Amino acid sequence: MKGSPQRKERTSRHSERRGPALQNPFQEFQSYSFSTKNIPLDRIVQSTEAVMDQIRLGYEKLLEEEAKELVWMVQYNTIIKAYEVAERYVREIDYSAEDIEDFCFALENTQKIPYLIPGPAGLYISALCNYAKEEEIVLKLSELKTEINLLGFRLTKGKRLLIEGDGGDFTGIGLEGGDLVVEGNAKNWTGAGMRSGKILVKKNIGLHTGEWMMGGEIHVGGRVRGLGNIVEGKVFEREKMVFPGKVRPPNMYY
Amino acid sequence: MEQNGYQKQVREIYRFISDHLYYNRPDMDVKGDHFNSAILLSLLTALNRGKELIIGEPGLGKTTSAEFVCTLVYQFPLGVIWGSEVSGHPEQTEEKIIGRPDLGKLNRGEEDVVWTHFSQLPVKIVDEINRLPETKQSMILDGVDRGNWEYLNEMIINEEYCLFATANYHDGGTNTIIAPLVDRFDVMVESRYPGANLAFLVGKKRRKDEILRHPRYEKELYRVLKSKIGYEKKMTRMEEVCNAFGEHLQGALGVKPLQKQDRINIRTEMETLGLDLDASAFTRMFLAECSFCDRYGQKRVVENCEEGCHYTGYLCHDIKNCASNRLPTSMTQYAQALAWLLGDSAVDIEHMKAVTPYAVSHRVQWRDETLSQKERSQRDDPFPIFLAKEAVKAVSQRYREQSDTIKDALAIGAKIFQGESLEPLDGDHPLYREIKKDVEVRRT
């Protein structure tokens, strides 16, 4: 039967059914030599997800231990205690600065994290930043709807934390020599109790700025809504030093 | 790129317009060259038979910029261009836009069409197009798209034509431009306020358009346009008059307009410019983001993007409609024209990034959430162009991060199409999924 007219007819009918050969839509890339040495992307994704799971677990443990009540009160003791718990979990995770950024995004955009409580979240992120291998960390928070409090808590010397977006209350408190930059605004009690280092807020800052600060500098690109009771250190408003300076009652609205 | 001196000639036309006729600030930077987007894109539109929508506040030179470009690229005296313009108003009729019955012949029982100057000339300007009611906009759809103008049972086909339409921002007398008509425009650009100082200069130099007029040539062209000879013959005769006017312009102003053969040569040169791999991969990436939907297969204006989708970080989440097939054509055509003007040997990613916002801005329908998030952002551009520029920035950032992997994925796709047994690459971008879909079709 090979080559018989019936077979030929069948073949031609078959090819008619299949239609003409498909055009190669990637033709111009035919001569591009691709590399297969790369780690497959799914493996990278898997390892990133494993790290994220660990980070998420640490945050959930922190919430379990420290924020059992529905309201989490910002008090000196609770902050110290919660930070110590956060430190305990964070120390055991091998993560990079990018993972911190992913965690910030995941706080609002995934259902895997049950609650975003601005206080504990800020402390946990601060602990992640302080124990990160990298010296410079960038957090893109401009897309977040919730302002996270306590970012930059105890930021240590040699670390630089850049926040793209706004900081919440208690930003940069207890700063320990680090360099904190907030691209947007910061709310009340910024830099409270800081010992050394520098905080730069590019837009405006709230009340009680630098309350009980013991050293270091706070630079504000916009307006300072009110100064706190500052012990030592310097505060600049639009490059002009406002503390130490002319006596200006704390928290004056102007 | 072979340099026949046309680039220099076109750049001289650009310079003449920006120095003497249309004062404005440069607002586009392409590979170190600064251009004003309104003049540059109008020039590219006139050169490569494009269609441009010029938006802006009243009195900021939307129509005049197009008129100046048409005069110098097509050698028509300004008076003839004015006489061929169609203005958008609610009472506009097909007879005023396309053609009317020859009443003399009709009395004798014969049917013949008297074509309007608008339908006959290769340069077409529709002033205030959004004052045309939606129902009347469809009258010009076919002509805008293909250059075919039909009336009664007759038709003329413009072999060479370009179209400029102007539109004011919405006010009491404007209508929405229907989506099929908007999509037919290759680019949208704003004719912007030149700034107080240049505006002051504009005020001082009144009647600067006189230099582009010539009553004798205008009369002669009108005579040819009204004559009863065949359309092709008419075009040949008009070309002769236009060439004479072009020589007059060169003598009087020192700027050499383009003749028909020049324009044909320029187009041939533009069409030979290919896209390099980065330009091609970037364009595919952009198109994938403008058309992809993980859940429903493709974007459709009637379907909503669901929250919680894996691809929420991409443009597909922010837009409602699907990119039309005219979009890649416009992007490629204008990128080729720009690359040609800059004297480059191929279209690269910079050319593509420069023209894409103008090709995309009028075609994309953004989600309300995206609009409300960004409408108060600090910006220099009108909102749609601003959004398109932001989108291009976001995609080019993603392309920078993934360019090697994207090109690998496309190369693997090419090999699979050639019959090699490889697995398509996985990746976190809609384009990888699109490649997989194409490859699966090949395998089945």
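The answer below begins with the sheet and its strand pairs, then turns to the chain as a whole, its contacts with the partner chain, and a helix pair in that partner.

Modeller: Since this is a predicted model, everything that follows describes computed geometry. The sheet in chain A is an open one built from seven strands, which lie in the order β1-β2-β3-β4-β5-β6-β7 and whose pairing is mixed. Its edges are formed by β1 (136-140) and β7 of chain A, each of which pairs on one side only, and from one strand to the next the twist averages 15 degrees.

Two of the strand pairs illustrate the mixed pairing of this sheet. Strand β3 of chain A, covering residues 176-182, runs parallel to strand β4 of chain A, covering residues 196-201, and five bridges connect them; within β4(A), Ser196 of chain A is the residue that stands opposite A:Glu176. By contrast, strand β6 (residues 234-237) and strand β7 (residues 240-243) of chain A are antiparallel and are joined by three bridges, with A:Val235 having A:Phe243 in β7(A) as its bridge partner. The hairpin that β6(A) and β7(A) make has two residues between the strands, and there A:Arg238 adopts a positive phi near 50 degrees.

Along the sequence of chain A, the pattern is α-α-α-α-α-β-β-β-β-β-β-β, which amounts to five helices and seven strands. Chain A has 254 residues, of which 38% count as buried, and among its contacts between residues at least 6 apart in sequence, 38% join residues at least 24 apart.

As for the partner chain, 13 residues of chain A are in contact with 16 residues of chain B, and the side contributed by chain A consists of seven nonpolar, four polar and two charged residues.

Within chain B, helix α20 (residues 383-418) and helix α21 (residues 430-443) have axes that come within 10 Å and cross at roughly 5 degrees, and because of that angle α20(B) counts as roughly parallel to α21(B). On the α20(B) side, the residues that meet α21(B) are B:Ile406, B:Ala409, B:Leu410, B:Gly413, B:Ile416 and B:Phe417, while α21(B) brings B:Leu431, B:Tyr432, B:Ile435, B:Asp438, B:Val439 and B:Arg442 to the contact. Taken by class, the residues of this contact between α20(B) and α21(B) are nine nonpolar, one polar and two charged.

Notes
Residues are numbered from 1 along each chain as its sequence is written. Chains are lettered from A and ligands numbered from 1 in the order in which they are written. This is a predicted model: local features need pLDDT of at least 70, side-chain atom pairs count only at pLDDT 80 or more; totals for chains, interfaces and linings use all residues. Axes are lines fitted to C-alpha atoms, for helices over the stretch in contact, and angles run from 0 to 180 degrees between N-to-C directions. Helices (H or I, at least four residues) and strands (E, at least two) are DSSP runs, numbered from the N terminus. Angles under 35 degrees count as roughly parallel, over 145 as roughly antiparallel, 65 to 115 as roughly perpendicular and the rest as oblique. Two residues are in contact if their C-beta atoms, placed from the backbone, lie within 7 Å. Ala, Val, Leu, Ile, Met, Phe, Trp, Tyr, Cys and Pro count as nonpolar, Asp, Glu, Lys and Arg as charged, and the others, Gly among them, as polar. A residue is buried if 20 or more other C-beta atoms lie within 10 Å of its own, exposed if 12 or fewer, and partly exposed in between; C-beta atoms are placed from the backbone. Two strands pair if DSSP finds at least two bridges between them.
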